[in-house]
Every structure is written in C-alpha cells, then in structure tokens.
Amino acid sequence: MSWLTFFITSHGTSHGVSVSEILAVRELDVDCGTKDDGRWQKMPQKSTEAYPYAFTVSYVERAWQHRWRCSDVTFHCLEGALCQQWVQTIREQLTALTSRPKHLLVYINPYGGKQQGERIYEQKVAPLFTLASISTHVIVTEHANHARDHLRTEAELKKYDGVVCVGGDGMFSEMVHGLVSRTQRDNGVDQNSPEEKLVPCTLRIGIIPAGSTDCICYATVGINDPVTSALHIIVGDAQPMDVCSVHHNNTFLRYSVSLLGYGFYGDMLADSERKRWMGPARYDFSGFKTFLTHHYYEGTVSFLPATDILGTPRDKTRCRAGYVLLQRTMEYKGGWRVIRGKFLAINAASMSCACPRSPKGLSPAAHLADGTTDLILVRKCSRFNFLRHLLRHTSKYDQFDMTFVEVHRVRRFRFTPRYCQSDSELDLRENGKRLFSQICRDHPACSCSPAYSSWNCDGEILPHAAIEVGCVTTPYNLLCKYTVHSESIQTPSLFPHFFTL
Ligand SMILES: Nc1ncnc2c1ncn2[C@@H]1O[C@H](COP(=O)(O)OP(=O)(O)OP(=O)(O)O)[C@@H](O)[C@H]1O
Ligand SMILES: CCCCCCCCCCCCC/C=C/[C@@H](O)[C@H](CO)NC(=O)CCCCC
Ligand SMILES: [Ca+2]
C-alpha cells in the first residue's frame, strides 16, 4: 500500500492518505478560489499568502460503526510546477489501480424499501461516482424481473466493469440470477442439474442499500449506508460470497445467497407480500402474526455435513471477510444425515444474515464464502420458548443454546414434507391463491397446522416445499465489502479469493 504523506495542509498540520483510499484529486486556483463541484471554495487568507498553489485530495474517511465518508484535504505549496507534479503523480497512481471500476451499469428499483431508491442514488451516490470519474448507464426498473431479464439477455456486459443494484435483497437476487444464468448459458452449463458446477462470472455486483432488510449489504459491509457502499464500490473492494442452488425434482428453481427459510420465515414472507404497501414495517406486522399462529411442519431433512472445515456455527467469532477452505478433499467422508420431525422453522443461512433488526444475524458465525450454509432446525416447542429463541437474535445471548434448536454446517441438504404436494396444489400456490385445502389435509394429529409452508428464498417465495439445495463457493465478487477489522477475521485466508469450484 503506498501512502502519500504530505507537508502542510491549510491548518498547518501534516496528513497521510493511502493511495488506495484516494477518490479524486483537483488542482485549485488559490488566488481567485476555484470552481469545485459547482461551489466556489475560499482559502484561508494566511495560507493563501504563504503558499499560493494548492490542490485538494478527496479520500475515504472511516467514521463510526463501519461507516465511510468522503473527506477533502487541501495541500498548499509554493511552486506551481511542484503542485502540478503532485496532481499528475496522484492521477497516475490512481490510474494504475486496476481493480477500480470505470464504467458501471446501474439498476434502480424505485419500489424497494421506502421507495427512495431513485432519490438515494441521485443525491448520495451519483455525485460520488462523478467525483471519482466513473461513467454510468442508469436504468430505473419498470417492473419486477426487469433487471434480471435485461442482464440475462440484452445488456452489453463487455462495456462495463461492474453492475450496481440500488434496492434490497430481492433486487440483488434478481441481478444475481440475471448474471449467473447468463454465464451458465454462455458456457453451456445445465442449471437443472443439481450436481453441475457453476462457471463463475467475471462482473461484480455492487449494492447500494435501498430495501427493507438489506441483509446482504449489512452482512458484507457491516452497515446499510448508501454512501459507505458507494465508496467501497469506487475503491474497488471485492468480496466473494456463497451461492446456493435450489432444485425441485431435477429442475432448477432459484439461487440463494442469504436465507432459505421454511416455516416461520416462509409464512411470514407470504403474509408480508400482501402488505407491501406498509413498507419495511410489513415484516414486523407479519412477523408478529406468524408468531401467534405458531404453525409447525412435519418432514424430513437430510444433509451432508461439511466435515473438512475449521469453524463451527457455534463459534464466537464473526466473519465479514472472505473465508476460503484450504482443502475440499474430505467433504463426502461423513455421509448424509437424516432428521425427521416437526419443525417451527428450517433455516439455511449462507451468510450471517445480519441486518438492522438483528445486527448479529440468524447465524452469527456463518462465513461469506466457505462453500457451506448453516442449517438451523427449530423443532416444535411452546410459544414462550420460540419467543425466547427469536428474541435472542437481537441480544448477546446464544440463539442456538436451546434444547429444541440444532445447527449444522452443511454442503448440501434436502427437505421432504411428510405429505406429498400435488402438482395442482403447486399450480395454485404459484398463482398466488390461498390454499384452504392444505389446512389439516391428511393431517389427523393436528387441527390447526397446515401441511406445507413455502420457502423464503432471499425474500422471494418458492411454492415448492420439497427442495434440494447445494451450496457452492463462487468467486462472485460484490463490489462492496466492509472494513476488515482484525477481530472479525476468523482465520487469515491463505489463498486468493478467486478459485474455481
Ligand atoms: N419497477 C419495479 N416494479 C415493481 N417491482 C419491482 C420493480 N423493480 C424490482 N421489483 C421487485 O421488487 C421486489 C422487492 O425489491 P427489493 O428487494 O429492492 O426491496 P424490498 O423487498 O423492500 O427489500 P428487502 O429485499 O431488502 O427486504 C423484488 O422482488 C424486485 O423483483
Ligand atoms: C418478537 C421479536 C422477534 C425479533 C426476531 C428478529 C429475528 C431477525 C433475524 C434476522 C433474519 C434476517 C433474514 C434475512 C432475510 C432476507 O433474505 C429477506 C429478504 O430481504 N428478508 C426477509 O425475509 C425479512 C426478514 C425479516 C426478519 C424480521
Ligand atoms: Ca457460507
């Protein structure tokens, strides 16, 4: 890392800025001020007299709680030639940083979260991209799956160094599907085969949080703040992440990068989708309602434990940095395990799923890019105990330290509901109709729990109850990444992040 340690600032103090964190440099005309970002800047009189030439460096300043801000520092000098030399040298150094994007394709979901996507982008992000000389092509989506389909078929991806998603987890998921599907199609990979290895795509996806949960942004960056994310994108930060593929009867359904949740999170999502008009508050309303209904679901969970890993889901450390396995040779040693039972929730967290509602997340020790997902089984228990479990997600107490909860770090898993789901039921569910027939059908033991829930796949509903999931580490890099703090790194990664599946 090269540092620029400068001489005198306008306040007479010295200042060190890492080149990798410089956003832009501009020469100033000290005598008459300078037209800078549309504003005229006045130099302090004393400095102006002593040092008639100056330039301003915009750089990343680390603020509180993973927040980044853009700061300016102005350097003054005696000679114009020296000043120009500095500006030129800094520009050359910035040009040499090849990981930084120069051309970005931006998709804005105007209806995500509190419907502020366009405003957030125009007011907080676009000025920073302009400052950093990044050219953008901006598309405001007109309907659901607009970004996915555009990326999959039309977008001229060769023109860009990355794509940017302004929205929430659902919008990010759309873009993952567009890019990953296109890459597999271009490389002749059959997505319907659960065993098929995915070909990594070369473009990175940056997230500007403008959704309701924003868990993918929060879990990778450490905060859901648009300015922080924009700055990570500008400096070219990258973070690989796990992508799980979800299949039903050898048919590809979806990819998942954060949560796959059956039971509680599936029911909550299904209810909340009908209340989108409430904005992010819909999750509180539907969460409370789903908690009160207290439905449980019977079925069989089979999973392939990840046996070659160093960590466990019960570790006390947190991962917000890439974590890559050293060896993958032993992974099938342990064989499949099968658990039958009645579950209030079956959750698979491929990352911590930390979000503002739960800053430690569903599985606090889950890794972002280790090729595993943490399978959390919450068995039928009393409402009181389930509430205790839920509340622990918001406190320092361990949500897994309860007799009715178990957690396994797995490479693959399957879920089969106890009662078979007919094609007609699936069709009805896919068409969004409420299934009264499912209530207690063939379900003599209980008079109130339905036979099936739906899967919540990164905030989208999957109508199929029976699914097969494989977690693969891919080099799908996010353009944003949180500040690496030493206490958050589980183990140093010895390999570069990029490795083939
Ligand atoms: N122009 C649009 N009109 C309607 N829906 C859209 C449009 N663009 C995208 N969508 C859909 O909106 C859904 C929700 O978007 P998004 O994920 O951005 O917000 P959210 O659901 O409020 O947040 P989160 O996923 O973080 O909880 C996505 O499934 C996406 O497919
Ligand atoms: C009685 C008080 C109980 C409080 C319990 C809080 C527990 C929170 C755990 C955090 C879970 C986040 C999982 C993330 C899921 C996202 O992929 C998805 C899409 O954005 N969001 C939701 O499904 C929406 C999920 C909304 C979670 C509340
Ligand atoms: Ca993982």
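Modeller: Helix α5 gives the most to the shell around ligand 1, with 4 residues. This is a predicted model, and what follows should be read with that in mind. Helix α5 spans residues 169-186, and α9, residues 282-293, is another element that supplies at least two residues of that shell. The shell around ligand 1 counts 24 residues, and T141, G168, G170, E174 and S212 come nearest. By type, the shell divides into 5 nonpolar, 12 polar and 7 charged residues.

Some of the polar contacts to ligand 1 can be named. G170 uses its backbone: an N or O atom there lies 2.8 Å from an oxygen atom of ligand 1. T213 uses its side chain, with a polar atom 2.9 Å from an oxygen atom of ligand 1. The side chain of R282 has an N or O atom 3.3 Å from an oxygen atom of this ligand. Taken on its own, ligand 1 has 630 Å² of accessible area, and the protein covers 89% of it.

A polar atom of the T213 side chain lies 3.1 Å from an oxygen atom of ligand 2. D169 places a side-chain N or O atom 2.6 Å from an oxygen atom of ligand 2, and for N456 the distance from a polar side-chain atom to a ligand 2 oxygen is 2.8 Å. Alone, ligand 2 exposes 680 Å², of which the protein buries 86%.

Around ligand 2 there are 19 residues, and the closest are D169, T213, S258, R357 and N456. Helices α8 (264-273) and α10 (383-392) each give at least two residues to this shell, and the largest share, 3 residues, comes from α10. The make-up of the shell around ligand 2 is 10 nonpolar, 6 polar and 3 charged residues.

Ligand 3 is a calcium ion, and its protein donors lie 2.2 to 2.7 Å from it. D242 and D370 donate through OD atoms, whereas S350, H367 and T372 donate through O. Along the sequence, the donors follow the spacing D-x107-S-x16-H-x2-D-x1-T. D242 and T372 link distant parts of the chain, being 130 residues apart. D242 belongs to strand β12 (residues 239-248), while T372 is in the loop between β16 (337-349) and β17 (373-379). D242 has a relative accessible area of 1%, so it counts as buried. T372 is likewise buried, because its relative accessible area is 2%, and the cut-off for buried is under 20%.

As for the chain that holds these sites, it has 11 helices and 21 strands. Of its 501 residues, 58% are buried. Among contacts between residues at least 6 apart in sequence, 77% join residues at least 24 apart. The chain exposes about 22,200 Å², and carbon and sulfur atoms supply 52% of that area.

One further residue can be described in the same terms. T228 is found in helix α7 (residues 226-235) and is buried, with a relative accessible area of 0%. Leaving aside neighbours within four places in sequence, T228 is in contact with H66, R67, W68, R69, V221 and I223.

Note on methods: Residues are numbered from 1 along each chain as its sequence is written. Chains are lettered from A and ligands numbered from 1 in the order in which they are written. This is a predicted model: local features need pLDDT of at least 70, side-chain atom pairs count only at pLDDT 80 or more; totals for chains, interfaces and linings use all residues. Side-chain values use heavy atoms; hydrogens and water are left out. A residue is near a molecule or strand if one of its heavy atoms lies within 4 Å of it. A polar contact is a pair of N or O atoms within 3.5 Å; within protein, one must be able to donate a hydrogen and the other to accept it, and residues adjacent in sequence count only if both atoms are side-chain atoms. Accessible areas come from the Shrake-Rupley method with a 1.4 Å probe; for residues, only the protein chains shown count as cover. Ala, Val, Leu, Ile, Met, Phe, Trp, Tyr, Cys and Pro count as nonpolar, Asp, Glu, Lys and Arg as charged, and the others, Gly among them, as polar. Donors are N, O and S atoms within 2.8 Å of the metal (3.2 Å for Na, K and Ca); water is not among the atoms, so sites may look incomplete. Buried means under 20% relative accessible area, exposed over 50%, partly exposed in between (1.4 Å probe, protein chains only). Contact means heavy atoms within 4.5 Å.
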